[in-house]
Amino acid sequence: MVRRIDIRTWILGAGVILPLITILLFGFAGNGAGTKTLHPWISGAAAACAEGIILFFMLRIMRDTKRYVRTPFYIASGVVVGIYAITVFLEIVLFGYWFKLTEESYIYIHFFTFFLSAIVLGLISLAGRYVLSSEDKGNFPSSIQNDTVARISSIRIQLASIETERNQMLDKLMFELEESFRYSDPLTDESSDHIEDMIRQKISILENQIKLMAEAEHDQQMILIDEIDQQVHEILNILMERNTERIRVKASS
């Protein structure tokens, strides 16, 4: 983690220092023979823009926690960045040193190249954000569903570590609850939010009861087991109500 942060800091620092050094090198080296022209400074500024875009692209990839979603868009952006860098190099060689265009024309060519590349990169970035936003919205209900299944599975593991006379019954009950959620269709309608909240509250109560049972004496454990049994059946009933609601939503859509 520290190494990753150090690399990002290094890239950020290079993005500030390296373009400045490039401009100065081009400017002073190009005018070293005594000719006073803006061509070397324009070439340096164009090369600095190419370096800046490359470094920014690298930093963007490293800072993104969802690269696996945006990978196709990063590939597309990388291609555009690469084409831009090669184009800038060719323009410097051809129009800055070989054909020696006028300063105004030379600036215009580099500006047009930069502007066109920026527009294409911006469109690719917008497309990536749109796809990521759409996937987040589409995965939100299933994400909640998976979280609920994981919580119930964790409760089963905790129950297995508690020695009681009714371990087999509790495990069977929790397995039924886990499977019911695993193969249940998550609701996406906002009107069902109160059902989801109720289920989460019931599972939180169930988790607390398991913690109490782990520290309770035998007689108290028997009482808690009965309460857990009742709690699980209440959750199953709510889940049945939720599934009925899901069928209604599907039928009305």
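Predicted model: local features only at pLDDT ≥ 70, side-chain atom pairs only at ≥ 80, totals over all residues.

Residues are numbered from 1 along each chain as its sequence is written, and side-chain values use heavy atoms, with hydrogens and water left out.

**The overall fold**
- The chain has seven helices and zero strands; these are DSSP runs numbered from the N terminus (helices: H or I, at least four residues; strands: E, at least two).
- Of its 253 residues, 34% count as buried, meaning under 20% relative accessible area, while exposed means over 50% and partly exposed is in between (1.4 Å probe, protein chains only).
- Among contacts (heavy atoms within 4.5 Å) with a separation of 6 or more, 74% are between residues 24 or more positions apart.

**A buried spot: Val232**
- Val232 sits in helix α7 (residues 218–252) and is buried, with a relative accessible area of 0%.
- Leaving out residues up to four places away in sequence, Val232 touches Leu173, Met174, Leu177 and Leu206.
- Val232 and Leu206 are 26 residues apart in sequence, yet 7.8 Å apart in space, C-alpha to C-alpha.

**An exposed spot: Leu126**
- You'll find Leu126 in helix α4 (residues 103–160), and Leu126 is exposed, with a relative accessible area of 54%.
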